[in-house]
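Welcome! Here is a short tour of ring contacts and strand pairing, with the criteria stated along the way.

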Amino acid sequence: MKKLTLLLLVLSVAITYAQDKFTLSGTISESATGETLIGVNVLILDLRTGTSTNEYGFYSITLPAGTYEITYSSLGFVTQSTTIDLSQNVRQNVLMISDTEQLDEVVIEADVERASIKAAQMSVNTLTAETIRSIPVVLGEADVVKSLLLLPGVTSAGEASSGFNVRGGAADQNLILLDEATIFNSSHLFGFFSVFNPDAIKDVKLFKGGIPARYGGRVSSVLEIFQKEGNSRELKINGGIGAVASRLLAEGPIVKDKAAFLVGGRGSYAHLFLPLFDIENRAYFYDLNTKINYRLNDRNSFFLSGYFGRDLFSINESFVNVYGNALGNFRWNHIFSDKLFSNLSVIYSDYYYGLELDFVGFEWNSGIQNFNIKYDLKHYLSDKLQVNYGINNIYYSFNPGKIEPNNPESGILEEQLIKKYANEFAAYVDVEHTLTEKLRVQYGLRLSHFIRFGQDELNIYQNDNPVEFDPFLLIYRGAEPIGVQESSRSDQLASFTNLEPRVSLSYAFSDDASIKASYTRIAQYLHLLSNTSSPTPLDVWTPSGPFVEPQLLDQYAFGFFKNLWERDYTLETEVFYKDIQNRIDYIDGANLIANNAIEQVILNGEARAYGLEFLLRKNTGKLQGWIAYTLSKSEQRTPPRDANEIGINNGEWYNTPYDKPHDIAVYGNYELNDKWRFNGNFVFQTGQPTNFPIGQFEFQGLVIPYFGLRNLTRLPDYHRMDIAATLTPGKNKDRNWQAEWVFSIYNVYNRRNAAAINFRQNQDTGVNEAVRTSIFGIVPSVTYNFKF
C-alpha cells in the first residue's frame, strides 16, 4: 500500500510539473515590410535559455509557468523586450524595427555571437545581402559566389571560372539551393557573374561541415539561399545601373498584410555596343526572380517562387551557345500546434545546355531535370530538446545530348545519346539537444536510397569490366562490349542504400568561449563529368549505376570559438579531415563529350582533404570586417585494381585541380560618415595545380611534348586587391527616391594573374616558349543604385 501511495505521489508530481509548463510561440517579421526574419534570437535571460526563428520566421519554446522578460534581438534591428505572464500557452507575434541608425549595435551583435558560440552547429558561414552588395567585384556587379570566396575554406579555379570549391572539394560536390530548389550551374557568362540577384536575396548560409541530416546528396558543402517573400505593406521598387548589367526589382502587397509579390530581373547589355566596333560576336545573360506569398491565417502560409535564367554566347552566328537554369517551388507552411511546425515543398528544377555549330551543320541539346517533393517537420519538445524529421524524394531525368542537323546538306545524322533515369529517396531525423548549460549536441541520421532505372541500351562487358589495362603499353583503355542489355523505364539497373549519421557538439567554457567537434557522413549519387579545372556548361551530369559507385564522405572537424575584447571581435578556428570513397577519375586521353559509353573512360578512386581554418572578425565600430586564412591539402588517387595494373598516376596520391595550400582573404568596411562608405578586400591563393611538359621527343617530323605525373606543377600564385567607395547623397533624407553611387576598382595594382600557361614554338627563333594568358587587369566601374 505504501508503494502504491508513493507511486501515485510521483505520478501526481510529474503531471503537475507537466501542467506547469507552457509554450511561447509565434512568428517574427520586419515591421516595415512584413517579411519574416530568419535567425532572430528569442532570449529568456532569467533562465539563461532561448531559441531562434527558423527559415520561415517561426519560433517556439516551452518554459515553466511564470512571468518572464522576453528579449528579441537580431543584427540590424532594434532589440525589443516584453514581459509575458506564461500561465497558459501564448502566441506572441513580433514586428522588428529596422535599426537604420545602428542603435544598440554592440548589444545586438553580442546576442548574435553568444548564440553562435554556444550552439552545437559548426563550420557554417552566413552572409547578409548588405555585406554581399558592399564587397567590390569585377565590373561592379554584386556577386554571391564571389563573396563566398572571402571566407575560410572557400576557393575557386581563378578569374572568370564557374563554381567554387569548399575544403578541397570539387565544384560538383556542392549542393546549391535557391528556395530549396537545386541549381546545377551557378554561373552566368562562364563564371563572370553568379545567377543570384542580390536584391532578391533574403539569407545566404554556407555549410562546410557538421551538415544537418536534413541535407544530403553532395559531399562538400550546402549553399542555402532564400529569396525575399515580398513587401506586404507597401509597393517598393529598387534597382541598379552598372557598366555591363542592370537590374530592377519590384515588391508589394496583393492584399495588405496577407499576400505579397516579388518580381526582379537582371540583364547584361555590353554586347549592344559591339557593332560600333564592327564586332559581330555576342555574349549576354538575363534572369528573372519571382515569388508570391499568401498567409491564409496564423497557421497556414503558401509560397510560390520561381527562377529563370539564360546565357547566350555566339561568334559570328556560326557558333551559338545557350544555357541556363529554370526552377519553381510551391511551399505550404502549416503550424499543427504551438510545438509542431511543418513545411511541404513541391519543386521542379531544370538545367538546359544548347549548342549550335552552323559551320558544321548541327545543333546539340542536353540537360538534366528533377522533380522533388519534400516534407519537413520541426517539433519543439522543450526549451532543451528540438527534433527535426522528414522525407524527401527526387526523380531525375538525364539527357546526355541530342544531335540534330540544322542544314539538310550538312550530312549530319540525328542522334540521341542514351537518356538515363534515377530516383533518390531520403528520410531523416535530426535532434538539437541542450544536455547542460555548457554542453549542447546535435545528432541525426539520414537514410538514403538511390535507384538507377532502366534505359534503352546498356553495354555488357566481360567480367563487368568496361575499362581494361594493357600490360604492354601500361595504359588503360575502354573495353569492347560483348553485348547490349535492353530494359524498360520501370526496371532497376542498380540500387544503393546508405545510412548517414551526423553529430556535432559544443562545450562552452563561458558565454564567450567554446570548443566544438563534428562528424559527418554523406552519400553523393550524382557526378559531374568534367576533366577541366573549372566546370563548363558542356559538362554532363551522370547518375550512379552499374559501373559508377556513389561517393561516400567521412568528415571530422574540431574547432575553438571565442569572443574577444568585450565581444567587439570574434575568433573562429577549425581543423578538418575529409575522406571520400569512389571519387571518379579519368583515364589518360578520356573523351567525355558525346560519349555514349562513359563507363569506358572512368575509374572509381578516392580523395582526401585536410586543413586548418582561421577567421578573425571585427563586429563593431566604424571599421568592420574580417581576416581569413586557410592552410590545407587536397589530393586524390586511383590505385591499381589488381597486381597486374599500375593504377592512374602509378597509383600515387596527386594534387587535385583545386588544391590551394595557402588561401588568405582580408575584407574591410569603413563608415566614414552618412555620405561615404569605403570597402576593400585582398586575396592571395597558392597557384592552381596543372600539368606542364617536362620534355619532348620527335616522331615522324613532329615534336611531341612529354608530360610526367599528374599536377606536379602549378600556375603562379594568385593575388589581387579591390577597393570601392559608396556615396549616399545627403538629399536622400528629404525625399522618397533613395540613391547611391558605387565607385569600384577591381585589381587595383593591375596584377596579371595567370588563367593558363600555354607552350608554343617561337616562329622566329624556333625555341619553345611559355605564354601566360590573363583575363583581367585593372577594371574600374561605376554603379548607380536606387530605391523608392
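## Charges over rings

A charge sits over a ring if NZ of Lys or CZ of Arg is within 6 Å of the ring centre and within 35 degrees of the ring normal. By this test, the charged end of Arg 617 sits over the ring of Trp 626, 5.1 Å from its centre. Arg 608 lies over the face of Trp 653, at 3.9 Å from the ring centre.

## Ground rules

This is a predicted model, where local features need pLDDT of at least 70 and side-chain atom pairs count only at pLDDT 80 or more, while totals for chains, interfaces and linings use all residues. Residues are numbered from 1 along each chain as its sequence is written, and side-chain values use heavy atoms, leaving out hydrogens and water.

## Aromatic pairs

The structure holds 31 aromatic pairs (Phe, Tyr and six-membered Trp rings with centres within 6.5 Å; planes under 30 degrees apart are stacked, over 60 edge-to-face, the rest tilted). One of them, Phe 184 with Trp 541, is edge-to-face, with 5.4 Å centre to centre and 75° between the planes. The pair links distant parts of the chain, 357 residues apart: Phe 184 is in the loop between strand 13 (181-182) and strand 14 (187-188), and Trp 541 is in strand 37 (residues 540-543). Strands here are DSSP runs of E, at least two residues, numbered from the N terminus.

Both Phe 184 and Trp 541 are buried (under 20% relative accessible area, 1.4 Å probe, protein chains only).

Five strands form an open, mixed sheet in the order 9-16-17-12-13, where pairing requires at least two DSSP bridges between two strands. Strand 9 (124-127) and strand 13 each have a single partner strand, so one side of each lacks a neighbour in the sheet.

Conventions
Helix = DSSP H or I, 4+ residues; strand = E, 2+ residues; numbered from the N terminus. Buried < 20%, exposed > 50% of the residue type's maximum accessible area, 1.4 Å probe, protein only.
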